[in-house]
Amino acid sequence: MASSRSLIVNSISSPLDLKIENRDVPKAKPGTAVVQVLNAVIGPQTGFALAHPMPNFQFPVPGIYGHSCIGRIVSVGVDSTSLKEGQLVLVDSHVTSRDDPNVEMLIGLMDGGTEKSKKLANDAWRDGCWTTHAVVPLENATPLDEETLVKQHGYELDELNYLARFAVAYGGVSALDIKAGETVIVGPATGGFGGAAVEVAAARGARVIAFGRNKDALAKIKSLVARVETVVLTGDLDKDTAAFSAFGPADAYIDFTPFQAQDAPHIGAGIKALRRRGRMVLMGGVSTISLPYWFIMLNSIEIKGRWMYSRKEIREVVKMVETGVLKLGKTAGHEVAGKFSLEDWKNAFEAAGKATSWGQSVVFTP
Ligand SMILES: NC(=O)c1ccc[n+]([C@@H]2O[C@H](COP(=O)([O-])OP(=O)(O)OC[C@H]3O[C@@H](n4cnc5c(N)ncnc54)[C@H](OP(=O)(O)O)[C@@H]3O)[C@@H](O)[C@H]2O)c1
């Protein structure tokens, strides 16, 4: 029988506790698809995340890590109606319980943190994409138009891994219903997801005010993405509010501030640059923030959070790329900064940890 090869995370510990395991190639059961993995994303924080247990960000071990991949369908469950053997698909991590839409988790990344989501992660979907053959929920295999993406647009298969990042960014753009002609503050824009949100919002026809601390990285985004203005943060609330406001009142603000930037003044500045009835979405990893309460109340500002995206939204953003409205690959400024075998995981994590600039990614090619 043909065999599959997987990189197993035995435990979250330092030194890292991983091993390669060979198994039989799985056969798809009802509700699942077996996907031959062509390339699987390695996030920049992977080496750290697999070495340090985090109470709010757990993943079932032993298990197969890896939250998204590009692959080909090998087999599907009897309840599949559309997917075909050999078809190119994007596998994403976001799973919603089939009998309770309030239960969500991320395959190969995070168990969702609740009793029910942990059950789903541990009992049903504990294995992700760092394998030659991933077993995924049918609905998490989004079909890709290979003819258009590869032959017409000339994208390499490794470059398609960026679609998963676009999906998260699209979740925020969609949550705020960003329209053509609107002005949208987005940032920090020099990171992975903030940068992708700049690209998606601009592709929807918005003018984007991309902010961050790195002037050169912002200049690169401005040179590659249409309708982008930039603001280099000073860290001073009033100065940053004035810098955002120089472009006129903004309609919306998409925030991807990471955990390490606790209570960053730019969040209040972005809110204060919004017009009356402006909208904001919180998508980053900060635990608590100070809010300009009076301003928000007086201006009827709408603030919401957004985790990931819906099934409908991931298919919408794929269509944007297929139709050429949203670009990826080298001409868009993206770079696959490293490709590694599963066995070479130490070097892979090191390379991923260095590929932190906007547009960069590192993948396993099992
Ligand atoms: N809502 C969702 O569904 C969802 C999905 C995925 C990720 N996230 C969250 O999104 C956040 C961003 O993720 P990422 O992968 O894009 O992170 P990343 O690539 O590490 O980017 C972090 C960004 O934050 C900036 N930054 C760091 N410290 C800062 C500070 N003190 N003040 C201002 N800017 C600062 C960095 O700017 P420099 O270039 O200046 O360092 C960079 O632009 C994370 O918290 C992640 O958990 C949310």
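Student: What's the lining of the second largest pocket like by class?
Tutor: This is a predicted model, and in it that lining has 9 nonpolar, 3 charged and no polar residues.
Student: Which residues line it?
Tutor: Among them are Glu199, Ala202, Ala203, Leu224, Arg227, Lys327 and Trp358. Helix α5 (residues 192-203) gives the largest share of the lining, 3 residues.
Student: And how much space lies in there?
Tutor: About 200 Å³.
Student: OK, switching topic. How many salt bridges does the count come to?
Tutor: It comes to 23.
Student: Which residue does Arg311 form a salt bridge with?
Tutor: Asp92, with the closest N and O atoms 2.8 Å apart. That pair links distant parts of the chain, 219 residues apart: Arg311 sits in helix α10 (residues 311-322), Asp92 in the loop between β6 (88-91) and β7 (94-96).
Student: Is Asp92 buried or exposed?
Tutor: Buried, at 1% relative accessible area. Arg311 is partly exposed, at 24%.
Student: What about Lys354 and Glu350, how far apart are they in the helix?
Tutor: They're 4 residues apart in helix α11 (residues 345-354), so about one helical turn separates them. Lys354 is exposed at 62% relative accessible area, while Glu350 is partly exposed at 46%.
Student: Last one: which residues are linked in a network of salt bridges?
Tutor: Lys19, Glu21, Arg23 and Asp127 are linked that way.

Definitions and conventions
Residues numbered from 1 in each chain as written. Predicted model: local features only at pLDDT ≥ 70, side-chain atom pairs only at ≥ 80, totals over all residues. Heavy atoms only, no water. 1 Å grid on protein atoms, 1.4 Å probe; cavity = no way out; pocket = protein on both sides within 12 Å on 5 of 7 lines; lining within 4 Å. Points joined across faces, edges and corners; volume = space filled by probe spheres on them. Helix = DSSP H or I, 4+ residues; strand = E, 2+ residues; numbered from the N terminus. Nonpolar A, V, L, I, M, F, W, Y, C, P; charged D, E, K, R; others polar. Salt bridge = Lys/Arg side-chain N within 4 Å of Asp/Glu carboxyl O. Buried < 20%, exposed > 50% of the residue type's maximum accessible area, 1.4 Å probe, protein only.
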